[in-house]
Every structure is written in structure tokens, then in C-alpha cells.
Amino acid sequence: MSNSAEDKIASLREQISLYNDHYYRHDAPIITDAEYDRKIQQLKKLESDYPELITPDSPTQKVGGAVLDGFSKVAHQVPMLSLDNVFNDDDLSDFVVRLNKRLDSDKELVFCAEPKLDGLAISLLYEHSQLIRAATRGDGSVGEDVTYNVKTIQNIPLTLKGDNIPEIIEIRGEVVMPIFAFNSYNKKAIEKGEKGFANPRNAAAGSLRQLDSNITAKRPLAFYSYGIGQLNGGDLSNSHYQRLQQLKKWGLPLSDEVKTVSGIQGCLDYYKTLLESRDVLPYEIDGIVYKIDDIELQQKLGFISRAPRWAIARKFPAQEEQTILLNVEFQVGRTGAITPVAILEPVFVGGVTISRASLHNRDEIERLGIKVGDTVVVRRAADVIPQITRSLPKKNTLSKDIVFPTHCPVCGSEIERIEGEAIARCSGGLYCAAQRKEAIQYFASRKAMNIDGLGEKVAEQLVDEGLINTPADLFSLKAEQLVNLERMGAKKAENLINALKKPKKTTFAKFLLALGIREVGEATAKNLAEHFLTLDALKQADEEELQEVDDVGEIVAKHIAYFFRQPHNLEVISALIEAGIEWPEISPKEQKSLPLQNKTYVLTGTLAKMKRNEAKASLQALGAKVSGSVSSKTDCVVAGESAGSKLAKAQELNISIIDEDELIALFTSYETILNGN
Ligand code: JCF
């Protein structure tokens, strides 16, 4: 016997016992299930090589659960066992072959097959049809009394209904949080700034093991039966499958997927079918459970310390693996959105090797609380993009904070993050190479500069070939430069050059739209043009003045002001004007003459009879500017309830002040204008 085997065994047992503690006692695993299974397999292998080292307290010999303080203890009359696992078809076949040998029979064995739900095992004790006690599995002999909590689970009947109900029957099954419920619960938790659960299994276990059943009652849990423990009376079938169907008739929930299958091939086929429908099941499953269907054969086979000999779990490939976060890169999208991307030590999960995963945005990084160097969990469900779902406790004390850049990694422009928005963006706009294609395409689009023959493909080629960097460069293109582009030719090139002559005569509104300022669409561009009349006036407007424009709120005003502060954008604008783009001046006379033309109003305090937005819109409809602060330029202050410093300032500056009723009277007198007549 090698000393190192003994050491390895001791070390594995110690590790596993720590993992068990976190998983079963705290409902907060510190490694993935896949990693845990590998540790158990390693230990099993060593123990089978050195059977003299097996001890009854080895994690391979006992059920891993724990009993929490605060719950009453329940002794299970019939031990609540766990299951042995296999991870491939060969080991599953070996299991069936072994059973045939043990039973000294070569008849094809019939199995009851079912999905292995990833939740928490529970025992429900019914006496005279009444649910009198519910318990967790605990260590298999002693569990926790969770009767009050379990009674809040909607699909568990408090009374069994039907014929031939045994005097005493203990039903065993799994409590889960259905995936749909888990997702919506977590979404809400995250919106509230809470952490959410790592996965549906933790959600179920954490919800059920609450000392306050009011908390459990608020959690969307569900139960599915898988077997019977203690049993007195009744006259049950000798088939495990038929017994489960009987439970269903008495009102107990049963998974729709439970089936009987025959022999090795039957087991393999069932596995394949269920693996394919894994993602459409309402609950998370981590494998298949096969049980000998004949109860007499089950009894003949009996069990070893922690698991029955007549059952096996065939695990599915893991959807979650752990790996190291090596670095975080920041990508710039076509709209300037900055996306942090996790660079991972490559890991095989869900059938593919993953080395990168989007971290979405800064909020997500904060929520995950991850640092470079951390061990993270990567999840990849079939056909879903890989996600980092959580970080595991630090192994690496040298972890480094993820630093969000202040400047665009592509063009060096400042990165802008509007308060209340999750996405940070490069402010480079027209100047940033990452955004060039998008910007040029938008510039040329029908509703903006309307350049015929300049669609997505051509814009891409022009940028990729280095023929243009900004929309201004479009106007110095020569036909000779275009003819060699793919699918272009002389005729098309000439057409495009001709088309580029036309948009030079445009309107101020279309020009503004073409600049692609964030959140400035057609309507806003038109309002801006009509309000400011000239490009210079617009460039100089501050956020407050911008908000005087119809439809321009705080955020849009920020975007506009920001855009015109960027030197790169001003350069592109100058180049465009120099290239000959022009528009007819909008004469102030074209504006409708309105009663409050050139008057500036300030709204302050609380309005009781109308919304502030409505008041603002009506004032603007009458031609007034509505400003956020009182100055010598203010013509009138509307003071609502508990108006404060702005009212005082108006008094100080001797500005005319009206109350809400006077404002309403004003609106009434201009009713015809406000109603659009
Ligand atoms: O779905 C399960 N997690 C599950 C666990 C299903 C079963 O039929 C089980 C089990 C644990 C022990 N059967 C046993 C005997």
C-alpha cells in the first residue's frame, strides 16, 4: 500500500466534507456539481484500488446531508438513500449486466425511468390520508422537520383523495423551483439590488430550509414524487411504475416523463430522448434515474450503505463548469456600446470549449462581484450563449479588480455613461472606427442624407478598403476608386458618385438626423432644427436650454450636449460643411406666431390638478420656453404647492409669479390653440 494513496484519500475526504458542508448546510456550493462529481469519482477509484482504506464515514459511504440547528429532528423509519452515479453509456450497461448476474437471470430487466430532478429530497408522511409531517433527507437517518414550510407548497395535497389509501404512507420526492419561477424570482431580486440564487437547486433548498414559513410561502416551489418509504396497509402494485401512477391518482404530483423501459437499449434510448428535451422541461434535471421496476426484485437486491443496488443515476453532461477568469477585454460595438468580455481559461462545458463570455455591462460585473484571477462558474445550456453565473470563493488572493476603461479602446474618445443606463458607450461617434460602418450607413440612409446606392454592403467595403473614415470623406470619392469594389462596376460607381452630389442640398433637420446623435430620431431632429434655427445656436446650447425643446428630456439633452462637446464630432461636422453640404436657412418668420412666443416660464413646486409634463407641454404649445431655473431672463414663475428656493429667487428678482389656478385660467383662455383649432 502506498503512503501517497492514503494521503490522497484523506485529502479528498477532507475536501469533499467541506464541499458537502457548503452544499447541504448552507445551500451555497463552493464548487460546481461537475467538479464535485469528479472528486467523488477520484475517491471511489482510490477506495476500490485500496479497499482496506474504506471507512464507514467516507463520503462515498454515506448520504451527504446535514441537519440545521433550529429545526426539530425527524428519524426516518426507512433510511432515505441517495443514488449511485454513472457518467457514460458503458458504465450504465455494466450496471445492467451486474444486476442480471446478481439476479442470476438473463431475462431482459424492466426499469422505471424518470428524469433526475435537481432539487431537494423530501419525505411526506400521510396518516389516514392527512399530511402529518414533512422532513428533509438530512444524513439519511435523521432529517429536519419542515412540515410548516412544505404545507405552503401549492402542489402538495394536504389530504389524499381516492380509494385504498394505506393507513400510513410516506411519499418521497424532490422539491424544486421550476425554471420559469426561478428566472422571474431572480429577475425581481436583481432589480431590487439583491443577489438572487445561484441556480434553481439552491433556490429550492434555501427556500425550504427557512425557519419562517412565511418566507417559504412566497417562493414558487413544486414537488414531484419518486418513491415510497414507510408503508402500512393498502394493497399496492408490485410494479414501481404502477405505484407511482397510483400516487398520482391519489393527488400527488408526478413528472410526465416517468416511463418503463426494457434492457440496456431501452435505458440508452430513454436517456437520448430526455437529453434532447432537457431544455423544454419545466424543471432543471441533471440526469436520469433508472430503477428496477419489480418491487420483489428490488427487495432481493437490497442496498449498500448509501444507495440502493436496484437503482442508478446516469448523469447528463454538465451545463456548469468552473474555470479561471484570466482577463476582461472591452469590445466596442457598432453603436458604440462598450461590452466587457471575460477571457477564460478554456473550459469544456455543454459540449463546446468556452474561452470567452460576455459580461454584458458594469452592473453585471458588480452583481457577480468578480475579479480577474477568480474562479468563476460558466454555464452553457444547449443553444444558449455561455454565461458567467457566479464566482466561487477565492483561491487566488492576488485577484485584481476589473477596471472599466474611461476611454474607448478603439478610438480613445471618452466613454460616456448616462446615469440610470446600464450601457456605457464610446462618445467617438462618427470618429470611432468601431462605429464607422454604422455611422456611415445611417448617414446615407433614406430618412437622413438619402444617398442612393450606399447601403450596408457598400458602406462596409468603403470602410474595410480604407477609402473613407468619416461621412465627410464620401464627398471626395472618385469613380476610379469605386470600380474595383466587389459587385460594383463602372455604371454603379458612376451612379454612386452622382448620388453623392445630390444630398449636398439638404435640410437642417435631416443633417442633424444624419449625424447619428444618440436618441435623436426624426421628430427630435425636426424639433431641434425649428427651435434653434442654426447649427451654431444648437452647438452652443447647454443641457437646460436643450430641454426647452419639445420631446427633449434630461437624458436626450445630455446626449446632444455631449455630442457637441466632442472635438472629433465638431471636426467631422466642419468637414461636411466644407464638402459643400448646405441647407436653406429657417427664417424665424416661418415659426407660427404664438401668444407666449419668446417668453420663458419656470415651473416650481407641486402641481395638484395636472401633471408637470402636461403643463410644460401646454406652455410650449403656446410658444413659451420652459426652463429649469430662474434668472433675469425668466418672464414668469408658476408656483405650485410648497415651492421653495425658485419662488424666493423670483420674488427677489421681481419676476411675475402665478399659481396653478392662474395657469389653468391662462390655458383656458387659449383653449382653441391648445386644442389645435
Ligand atoms: O430526482 C431525484 N433527484 C431523485 C433522487 C429521484 C429518485 O428516484 C431517487 C432519488 C434519490 C434516491 N431515488 C432514490 C432512491
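How many residues apart in helix α11 (residues 362-368) are R367 and E364? They are 3 residues apart, so about one helical turn separates them. The two side chains form a salt bridge, and the closest N and O atoms are 3.3 Å apart. R367 is partly exposed, with a relative accessible area of 26%. E364 is at 15% relative accessibility, so it counts as buried, the cut-off being under 20%. This is a predicted model.

## Salt bridges

Side chains of opposite charge can pair when their charged atoms come close. A search of the whole structure finds 30 salt bridges. The table sets out three of them.

| Pair | Closest N to O | Sequence separation |
|---|---|---|
| D84 and R306 | 3.5 Å | 222 residues |
| R367 and E364 | 3.3 Å | 3 residues |

Take R38 and E321. R38 is partly exposed, at a relative accessible area of 38%. E321 has a relative accessibility of 8%, and so counts as buried.

Are D84 and R306 buried or exposed? Both residues are buried.

Salt bridges also join into a network. D27, E144, R201 and R209 are linked in this way.

## The ligand site

Which residues are around the ligand? They are L81, S82, L83, E114, K116, L117, E174, Y226, V289 and K291. By class, this shell has 5 nonpolar, 1 polar and 4 charged residues.

Several of these residues place polar atoms by the ligand. In the side chain of K291, an N or O atom is 2.5 Å from a ligand oxygen. E174 has a polar side-chain atom 3.3 Å from a nitrogen atom of the ligand. L117 takes part through its backbone: one of its backbone N or O atoms lies 2.9 Å from a ligand oxygen.

The ligand alone exposes 360 Å², and the protein buries 92% of that. Two elements give two or more residues each to the shell, β3 (110-117) and β10 (285-292). Of the elements, β3 gives the most, with 3 residues.

## R417 and its contacts

Where is R417? It is in the loop between β17 (415-416) and β18 (424-426). R417 counts as partly exposed because its relative accessibility is 33%. Leaving out residues up to four places away in sequence, R417 touches R362, D363, A422, I423 and A424. With one of these, D363, R417 makes a polar contact between side chains, at 2.9 Å.

How does R417 lie relative to I288, a residue of strand β10 (285-292)? What is the distance from R417 to I288 in space, C-alpha to C-alpha? R417 and I288 are 48 Å apart in space and 129 residues apart in sequence.

## Positive phi values

Most residues other than glycine have a negative phi. Two residues here have a positive value.

D104 has a phi near 55 degrees, and this residue is not a glycine. D104 lies in the loop between α3 (89-102) and β3. Its relative accessibility is 72%, so D104 counts as exposed, the cut-off being over 50%.

N450 has a positive phi of about 50 degrees, again without being a glycine. N450 lies in the loop between α12 (433-444) and α13 (456-464). N450 is partly exposed, with a relative accessible area of 38%.

Conventions. Residues numbered from 1 in each chain as written. Predicted model: local features only at pLDDT ≥ 70, side-chain atom pairs only at ≥ 80, totals over all residues. Heavy atoms only, no water. Near = heavy atom within 4 Å. Polar contact = N/O pair within 3.5 Å; in protein donor to acceptor, adjacent residues only side chain to side chain. Areas by Shrake-Rupley, 256 points an atom, 1.4 Å probe, with all protein chains shown as cover. Helix = DSSP H or I, 4+ residues; strand = E, 2+ residues; numbered from the N terminus. Nonpolar A, V, L, I, M, F, W, Y, C, P; charged D, E, K, R; others polar. Salt bridge = Lys/Arg side-chain N within 4 Å of Asp/Glu carboxyl O. Buried < 20%, exposed > 50% of the residue type's maximum accessible area, 1.4 Å probe, protein only. Contact = heavy atoms within 4.5 Å.
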